[in-house]
Each structure stands twice: as structure tokens, then as C-alpha cells.
Amino acid sequence: MSRWIVLGVWVTVAFLAALFYGQLNFSARSLPQEYKVGVVLKAMDSEHWLAVRSRMENTAREKGMRLIVMAPENEAAYAEQEQIVRELLAADVDALVITPVDIDRADVYVGMAAERAVPLLTIDEKITDVPYIGSDNYAIGQMAAAYMAEHIPEGGTVGILAGVAQQDAHRQRVAGFRDYVREHGGLRLVAVTMDAAQYREAALQTERMIEEHPDLAGLFVTSAIMSLGAVDTLSAHAAHPVLVGVDTQNDALRALRDGRMDAIISQDGNDTGRAAIEAVSDALAGRTIPANSYITNALITAANAQDYLLQEDF
């Protein structure tokens with residue numbers, strides 16, 4: 001009888017050991033692989049890009065990814081950005097997200113990623129045949145023109161102050177605005193200036209545009225930083241053209257709330273950052289990524305500006 005008891009004990013021990021071992025193995029197999037993802041932004045000199053980075057990092061932690069986020073000194077530093085991309089690919093990242101500072105030379109990045117078979121996605125700037133996450137920039141230009149058409153008398157003159165000419169986002173915003181004016185009439189586009197990407201250049205270009213077109217009734221500015229330069233220049237003038245900017249950025253939103261701007265087309269860096277990491281996760285899981293994943297762009301005025309002020313966690 002004791003022999004059967006001993007045998008029963010051994011069977012029970014063996015069963016428990018097998019169960020425990022199996023559970024350990026199952027747990028080990030179910031742990032997600034930690035992917036290393038390289039991210040190269042245009043810059044880190046604005047609330048927009050800081051919000052993009054912060055949301056990407058938070059979403060990546062939720063998904064068990066490790067991000068390496070880098071950026072060149074400014075949005076004109078192509079050589080520096082290219083070197084960053086080379087270094088990240090050499091570090092064997094599993095995926096690469098990039099915002100090219102020069103869209104005309106972005107094919108170099110496509111070739112570099114393809115050579116190492118690394119999935120490539122873009123935000124803010126579209127590269128042909130590469131999945132894109134961000135705003136519909138052409139639609140942003142159309143929205144800005146539509147707002148001006150509603151708030152400027154027939155025949156009013158308008159201008160555009162745009163960012164770096166080598167960036168597709170600014171080109172598309174200009175194209176959308178220009179096409180709307182041409183197709184709908186009502187406004188006269190008299191001035192388009194590009195390459196005023198920073199605050200100081202924007203302030204100077206606004207001054208020049210006002211001097212050349214003293215009857216300017218509207219000004220579309222394609223980024224928040226540039227909008228603030230325009231705001232400060234216009235504050236010294238008696239005339240106040242209808243001023244429409246882009247980007248959900250707190251300093252610009254406060255200017256809008258306080259009546260120093262008329263409207264902003266939203267572009268929330270948090271939305272872009274979250275959507276980008278979700279797309280990366282899908283790509284690494286082998287799922288098909290849409291050619292374009294657009295975030296929501298909304299019209300913001302003084303009436304609802306407070307609702308869009310960001311909680312700064314970056």
C-alpha cells in the first residue's frame with residue numbers, strides 16, 4: 001500500500017513540475033519582442049515637434065517598443081539629417097520613421113532603408129510609395145482660403161507666407177490655398193513668399209509684404225512659429241489683415257484667443273505621434289499600412305481656442 005502512496009506522490013510531483021514548466025515556457029513565448037525603432041524628426045525647436053516626440057515615446061512604451069528619437073539642428077540641415085539616418089540604420093533599427101527636411105532628396109532615405117530591408121514610414125512629409133501619417137496639407141490650404149473668402153470682402157487682396165520651399169507640407173498648403181482662390185474667385189492672391197521658416201524671417205517678410213501691399217486684406221501663414229513672427233510685425237501696423245495660421249501650438253493658440261490672430265487650422269502633434277507608432281506596430285506585425293493615414297484638421301477661432309490648448313507634458 002505504501003508503495004502505491006509513494007508512486008502517487010511522485011506522479012503528483014511530476015504533474016505539478018510539468019505544469020509549472022509549461023507555464024513558464026508559455027509565458028516566455030507570449031512575451032512580445034522589444035522592437036527598436038528609429039525616429040528622425042525635422043527639428044526639436046517648437047511645441048509641435050516636442051508634442052510629436054512625447055506622444056510617440058508614450059505610445060511606444062505602451063507597445064513595448066524602444067525608440068531612438070533624433071533631429072538635426074534645424075529644418076534646413078539636410079546633411080546632418082542624412083548622417084543621422086545612416087547611423088540609425090547602422091544600429092540595426094527594426095523600423096524607421098522620418099520627416100524629411102528636403103523632400104527633393106528624400107529618395108536617398110528610401111534607398112538606404114530598402115537596402116537593409118527596414119520598414120520606412122513618413123510623417124508630415126510625403127514620399128512617393130512610402131506610408132504617410134499626418135495632415136492632409138493640401139486640404140489645410142483649402143480650409144484657410146475658404147475661411148478668408150468668408151471674412152474678406154469681394155476682391156480683397158491676400159498673401160501667403162510659407163516655410164521651407166524644399167518641404168512638401170508647405171508646398172501642398174500653398175497649392176491648396178492657391179487652387180481654392182483660382183477656382184472660387186472672390187479673392188486676389190498678390191504675394192507668395194517661401195523660405196521664411198523661422199520667427200525672425202517671418203517677421204521681416206511680413207513687414208516687406210505689408211510695405212509692398214498696404215491694402216493687404218488677408219495673410220495665410222503655414223506654420224505656428226512663422227505666425228508668431230507675423231503677429232508681432234502686424235501689431236505695429238494700424239491695418240490688421242485677416243491672419244490664418246497652422247499648428248495646434250499653445251503660444252499661437254493664446255495669440256488667437258487674445259485676438260491677435262483670426263483662425264488656425266489645427267495640426268495636433270499628439271495625434272501624429274500616436275498614429276505614427278500605431279502604424280509602426282502594424283508594419284512590424286506584418287499588417288498592411290494605408291498609403292495615407294490622415295489626422296483630423298479643424299478650424300480653430302477665438303471662440304474655441306481654449307479647448308485646444310495642450311497639456312504640456314514634454
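This is a predicted model: local features need pLDDT of at least 70, side-chain atom pairs count only at pLDDT 80 or more; totals for chains, interfaces and linings use all residues.
Local features need pLDDT of at least 70 and side-chain atom pairs count only at pLDDT 80 or more, while totals for chains, interfaces and linings use all residues. Residues are numbered from 1 along each chain as its sequence is written, and side-chain values use heavy atoms, leaving out hydrogens and water.

**View 1. An open sheet of 6 strands.** The order is β7-β6-β8-β9-β10-β12, with mixed pairing (strands pair if DSSP finds at least two bridges between them; strands are DSSP runs of E, at least two residues, and helices are runs of H or I, at least four, numbered from the N terminus). β7 (187-193) and β12 (299-300) stand at the edges with a single partner strand each, so one side of each has no neighbour in the sheet.

**View 2. Strands β6 and β8 side by side.** Residues 156-161 (β6) and 218-221 (β8) run parallel, joined by 4 bridges. Look for L161, whose bridge partner in β8 is V221.

**View 3. Helix α9 across two strands.** Residues 250-257 form α9, which lies across β10 and β12 and runs at about 150° to β10 (axes are lines fitted to C-alpha atoms, for helices over the stretch in contact, meaning heavy atoms within 4.5 Å; angles run from 0 to 180 degrees between N-to-C directions).

**View 4. The largest nonpolar core.** This core has 23 residues, and L219 and I264 are among those with the most contacts inside it (a nonpolar core is a set of buried Ala, Val, Leu, Ile, Met, Phe, Trp, Tyr and Cys residues joined through side-chain atoms within 4.5 Å; buried means under 20% relative accessible area, with a 1.4 Å probe and protein chains only). Helix α8 gives the largest share, 6 residues.

Definitions and conventions:
Buried means under 20% relative accessible area, exposed over 50%, partly exposed in between (1.4 Å probe, protein chains only).
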